[in-house]
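Notebook open, two chains to look through. I'll jot down what I looked up as I go.

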Amino acid sequence: MTLPIKGASIIKAFEDAGIQSVVALPDIVTCDTVLWPLSSNPNFMFIPVCKEDEGVSICASLSYCGQRALLLIQHTGFLDSINAIRAIAVEYQLPVVMVVGLQGSDPDTHPNQSKSIGIRALGPICDALELRHAFVKDEESAISIVEMIEAAYENSSPCAIFVPNPPV
Amino acid sequence: MMKRDQALQALARHYQDGIAVAVYQTAFDWMHIRPHDLNYFCTGAMGQASSHGLGLALGAPDEKVIVLDGDGSLLMNLGSLVTVANMAPRNFFHFVSQNNMYEVNGKIPIPGAASINFDHMAIAAGYRHAFSFDDIGQFNSEIKGILELEGPVLVCMHIEPGDFYPLDYVTLHSEETRVKFRNALKSRLQSPLQE
């Protein structure tokens, strides 16, 4: 039996991947167990933004300074930021790492088969943008968070890590 | 009203060697007025200049960062005024060229052209200082002192087009421009300027 991913494991993955800054707008899926603890964690510079596309730019420009950052948002904000993601992250080939909670996702249904078109469309949108992505649900997938972040910074390429269910 | 290129020339005289994020027509003027590898033109999406500048200011806190924004551009990302003010980077200088129109997109007026006031907005958002200029003589005499203030600072420049500079979109979006910037910034961060 697989165990649901823990918020603490996600934060540990960020630390293991060398993340220094977290740019965020509150997301109901990751808020309690990831965002709140991160916001007061002295190991990270916490950068709250008013709109998600600001965070795409902030993560991109921090990378020029040799700093590792990630953007923690909700999937609605991801959808709202598609043009910034397309231009800044994908076309400029910058290591913009997005960790995205899927608000309203059914825990028993894979996001690609979700009743919500906003959730069901995420995978195909990423494919169309040639944006590397993964869905993380269980504790075993925590290691893939580290691997995806490492690959983003080693290859200077963006990625999206989708969190379908609230971490415990 | 100031000629944009004259205002940028005045600014460049006092900002010869630092990071500059520039967009649209101001970027086209600036790349000729102050050619430099620390010019950052690849903001990608309209409205994002202030957010790119914020990341640079936070990532390179010992370097000054100037953002050469446009009025239509800033209107697309007004929340960034609050984001910037909240992080309060002391090295962040935000210049807004206000010509009350989308100059490279058909010269259509911006919403609120008759009444909008960016320096008041900046102060309301929490910037430490904000100024507004429509006279090149006054701008010339005050810009050096403004660049010595603690940021975040916003300077609204009421401008009209000056001389024509080519719309060089290739340089604006090129990988070569990004590589030059990355290398120049890396070098600067390893060997900071001694002031």
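Helices (H or I, at least four residues) and strands (E, at least two) are DSSP runs, numbered from the N terminus.

Housekeeping next. This is a predicted model, where local features need pLDDT of at least 70 and side-chain atom pairs count only at pLDDT 80 or more, while totals for chains, interfaces and linings use all residues. Residues are numbered from 1 along each chain as its sequence is written, and chains are lettered from A and ligands numbered from 1 in the order in which they are written.

**Entry: helix pair in chain B**

I looked up H1(B), residues 4-14, against H7(B): they pack at an angle of about 20° with axes 9 Å apart. (Axes are lines fitted to C-alpha atoms, for helices over the stretch in contact, and angles run from 0 to 180 degrees between N-to-C directions.) That makes H1(B) roughly parallel to H7(B). My cut-offs for that word: under 35 degrees is roughly parallel, over 145 roughly antiparallel, 65 to 115 roughly perpendicular, and the rest oblique. The crossing of H1(B) and H7(B) comes out right-handed.

Which residues of H1(B) meet H7(B)? I found B:Gln6, B:Ala7, B:Ala10, B:Leu11 and B:His14 on H1(B), meeting B:Ile136, B:Phe139, B:Asn140, B:Ile143 and B:Lys144 on H7(B). Contact here is two C-beta atoms, placed from the backbone, within 7 Å. The residues of this contact of H1(B) with H7(B) divide into six nonpolar, three polar and one charged. For the classes, Ala, Val, Leu, Ile, Met, Phe, Trp, Tyr, Cys and Pro count as nonpolar, Asp, Glu, Lys and Arg as charged, and the others, Gly among them, as polar.

**Entry: the sheet in chain A**

I traced an open sheet of six strands in chain A, in the order S2-S1-S3-S4-S6-S5, with parallel pairing. (Two strands pair if DSSP finds at least two bridges between them.) S2 (45-48) and S5 (132-135) of chain A stand at the edges with a single partner strand each, so one side of each has no neighbour in the sheet. On average, neighbouring strands of this sheet are turned by 20° against each other, direction ignored.

Then I went along S3(A), residues 69-74. On one side, S1(A) (residues 21-24) pairs with S3(A) in the parallel sense over four bridges, and A:Ser21 stands opposite A:Ala69. S4(A) (residues 97-101) also pairs with S3(A) in the parallel sense over four bridges. There, A:Leu72 stands opposite A:Val99, and the bridge partner of A:Ile73 is A:Val100.

Is S3(A) buried or exposed? Six of its six residues are buried, so S3(A) is largely enclosed by the rest of the structure. Buried means 20 or more other C-beta atoms within 10 Å of the residue's own, exposed means 12 or fewer, and partly exposed is in between, with C-beta atoms placed from the backbone. A:Ala69, A:Leu71 and A:Ile73 point one way, and A:Leu70, A:Leu72 and A:Gln74 the other.

**Entry: helices beside that sheet**

H3(A) lies across S1, S2, S3 and S4 of chain A and runs at about 170° to S3(A). I also checked H3(A), residues 52-64, against H5(A): their axes come within 9 Å and cross at roughly 5°. The two are therefore roughly parallel. The contact uses A:Asp53, A:Val56, A:Ser57 and A:Ala60 of H3(A), with A:Ala84, A:Ile85, A:Ile88 and A:Ala89 of H5(A). By class I have six nonpolar, one polar and one charged there.

A:Gln93 has a positive phi of about 55° although it is not a glycine. A:Gln93 sits in the loop between H5 (82-91) and S4 of chain A, and counts as partly exposed with 14 C-beta neighbours inside 10 Å.

B:Lys107 also has a positive phi, near 60°, in a residue other than glycine. This lysine, B:Lys107, is in the loop between S6 (101-102) and S7 (108-109) of chain B, and is exposed, with 11 other C-beta atoms within 10 Å.

A cis peptide bond joins B:Gly151 and B:Pro152, with omega about 0°. B:Pro152 is in the loop between H7 (136-146) and S9 (153-160) of chain B.

**Entry: where the chains touch**

I count 26 residues of chain B in contact with 23 of chain A. H3 (49-59), H5 (79-87) and H9 (175-190) of chain B each supply at least two residues of chain B's side. H3(B) gives the most, with seven residues. By class, that side of chain B has 11 nonpolar, 12 polar and three charged residues.

Terms used: A crossing is left-handed if the near helix is turned anticlockwise from the far one by less than a right angle, and right-handed if clockwise.
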